[in-house]
There are 2 protein chains.
Amino acid sequence: MAVRLEVMNFLNEMAERFPAAISFASGRPAEGFFDMRAWIESMHSYEEHLAEQRGTSRELVERSLAQYGATAGIIRNLISRQLRVDEGIDVASDRILVTVGCQEALDICVRTLCRDEDDVLLARSPTYIGITGAAYLGRAGIVSFREAEGLGLVAALEKAIESAHAQGKRPRALYLIPDFDNPTGEVIDLHVRRAILALCALHDILVLEDNPYGMFRYEGTPVPTMRSLDDDRRVIYVGTFSKTLCPALRVGYAVVPQRAVGRCDLMEAMVQAKSFVSVNTSQFAQAVVGGVLMSQRYSLRDIVSKPLAHYRRNRDEMLDALDRHFADLRSQVHWNRPEGGFFLVVELPFDFGDEHVKRCAEAYGVLVMPLRYFALDSNDGRRVRLAFSNTSPEKIRDGISRFSRFVHDHLDRKGASG
Amino acid sequence: MAVRLEVMNFLNEMAERFPAAISFASGRPAEGFFDMRAWIESMHSYEEHLAEQRGTSRELVERSLAQYGATAGIIRNLISRQLRVDEGIDVASDRILVTVGCQEALDICVRTLCRDEDDVLLARSPTYIGITGAAYLGRAGIVSFREAEGLGLVAALEKAIESAHAQGKRPRALYLIPDFDNPTGEVIDLHVRRAILALCALHDILVLEDNPYGMFRYEGTPVPTMRSLDDDRRVIYVGTFSKTLCPALRVGYAVVPQRAVGRCDLMEAMVQAKSFVSVNTSQFAQAVVGGVLMSQRYSLRDIVSKPLAHYRRNRDEMLDALDRHFADLRSQVHWNRPEGGFFLVVELPFDFGDEHVKRCAEAYGVLVMPLRYFALDSNDGRRVRLAFSNTSPEKIRDGISRFSRFVHDHLDRKGASG
């Protein structure tokens, strides 16, 4: 895990040392659409709503919002309505825990589910660094399995479960980003989702469904969330407003099924953990989110429409640029066409590590993210993640051209030296 | 620990069932002084400052603030200046970690310092529930010792260290609120602070100094913080803006000494933990705090002056009311005179538990907090904590009169039945 810290330090160092480099390394949302001032304004409509509900003045409501508050959050009913409208998820307010972004939700899940030394998580490799870190910090092991096409994924998962059992481990939850995975950008098909749920039911394993990118689909038909397919109270669904609104709010949530953990209900255990991690999520930030949800009639589709168009255009631009610049290497260089989300993955005909990141940034002025940084095993040496979210079509054209020059030069040199 | 959850549920239930009861149970800051609107306004002065510093527009600064940001925080330099002015603490910005309130700082400390099964914390009993919870959640044991007068405290601590060693445990840090302790309201004397630091140096134990109430002294001479006495890089100092400004900002911090933990620097390890708990503290909330600090020339003394006068008056009112209503029981009922903070402690001539909390709330209309809820051992059955922060002189007069009637009735009944 020290490795992972070094990796992030290394990437930050690269970004600092080569500030002119075009970065496809970070999956941040596009800043141009943040409308903080308007969002703060809409906090007032939430305050008015509360004042009416409580039969008191807005001034008193404002003061009470500045105070400590309910550990599980105060906008659970509004999030519940948004989930119904935007995601087709039907959930009672009291099964929602408001958290400091989705990272805190992941941390709380790990700490609540993996209390014993033998409790482990299951995760695909490569996977999101945040869950790897939460597991490390929570002293929970991860048993990983390779990504695979279709039902191959379920077979790989089954093997991982068997392997965990063989090691005397107890798999407690499977972590997945089924829609537009970070880092791969891939979507898990409906029949595969169902098969995963069935397999997890068989082994009494929970599913931790992380869905930060679900609202950002650029083509194709939406696949139902695993939460909405769950008739077994098995899925913990984790969401965030960091991508739909902005990261600085630090508001996310977990949708928690009714289920016993130890002597108490899972929700109760998670609320207790939350109280010891951060007492409660800023009511101020919650009021901003609440105000936006109310003013948008519980759907973020409208707010998301502009960044969504921007992300789609960026993705298309990146696919076009890859097509153009790697036309002569189609048999050696491959990439996927993600239907949504912030990332695509390019597979190169050679290993790509720290020294390549550095040469790319230094000599070619483009920063990319090796997939090995996300790997839980020793694979993925040849792949890189390209984020197209917080950049522009111009930079994408330029950046992919630079990246292509690096790849061509590298292959030429290898050819010359080989 | 399930007990502690039940306790909080029980108290919340009491507050809900008897909403007319006067509450001395919760140590919340006084809401009347929250000035959220003005504080949000002052965020703009922070933005202007950043814009000037970066040579860019305020609009671009505002957008970048709404984004993810540096894990350790962006207002470390401003907090460093405030610590120098208000607390006499001299610390470089890069030794400050901005956190989601002080609770997250405690959680991160526990998780960073206590990684092995045998690592334990040391704490006085009774102690703040937040550290008990953080230890529970971090699967770190606590070895406790009784509060004691003067150097008796150091002797008790020494015994606890010996006892921990005898159990094969490794005490990693001592948790203390040296100024106006929660729950007792007590202050640790200067010579005792020095002796504690010397003892901890002898056994290579860190000190976790939690100081939420330091700015609220009503009489007597301030005692230097343990951090400012620390010439051995041994004290982690934890602060918060929850009491000086308001809890809804959820901004706190840890001042971290230069010290190795495992293979890396303690600060580095804590920053990594922070990234896996909540990525970074809301830049939006940090900008509000930053703006207030700048507009106040790096001192919160002025903002704190009004609530401080209010708290002092409430404390005096409570002491007067206790004097009046327990005049006939001076040999049986005792209380302390805290020089600051939010709490005082009353010792009764009988055990005070859940059933008494309930009877007090139901039949006498006053809610108090048994000290046993804070105890790490089986003592403290006879003491209660009275919070005088978020209430009024009128309610204090009325509430202490009610509490006194309960105590008198209880003693009469005991006398009659005995």
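Here is a short walk through the model, from chain A as a whole to a pair of rings in chain B.

Before you click, note that this is a predicted model, where local features need pLDDT of at least 70, side-chain atom pairs count only at pLDDT 80 or more, and totals for chains, interfaces and linings use all residues. Residues are numbered from 1 along each chain as its sequence is written, chains are lettered from A in the order in which they are written, and side-chain values use heavy atoms, without hydrogens and water.

**Stop one: chain A.** Select chain A and switch to cartoon: you have 14 helices and 15 strands to look at (DSSP runs, H or I of at least four residues for helices, E of at least two for strands). Its C-alpha trace spans about 80 × 55 × 40 Å along the principal axes. Of its 418 residues, 62% count as buried (under 20% relative accessible area, with a 1.4 Å probe and protein chains only).

**Stop two: a ring cluster.** Still in chain A, select F326(A), W335(A), F350(A), F352(A), Y364(A), F403(A) and F406(A), which ring pairs link into a cluster. Rings of Phe, Tyr and Trp (its six-membered ring) pair if their centres lie within 6.5 Å; planes under 30 degrees apart are stacked, over 60 edge-to-face, the rest tilted.

**Stop three: one pair in chain B.** The whole structure has 29 aromatic pairs over all chains. One of them is Y364(B) with F406(B), edge-to-face at 5.5 Å centre to centre and 80° between the planes. Colour helix α13 (residues 354-364) to find Y364(B) and helix α14 (residues 393-417) to find F406(B), 42 residues apart in chain B.

Note on methods: Buried < 20%, exposed > 50% of the residue type's maximum accessible area, 1.4 Å probe, protein only.
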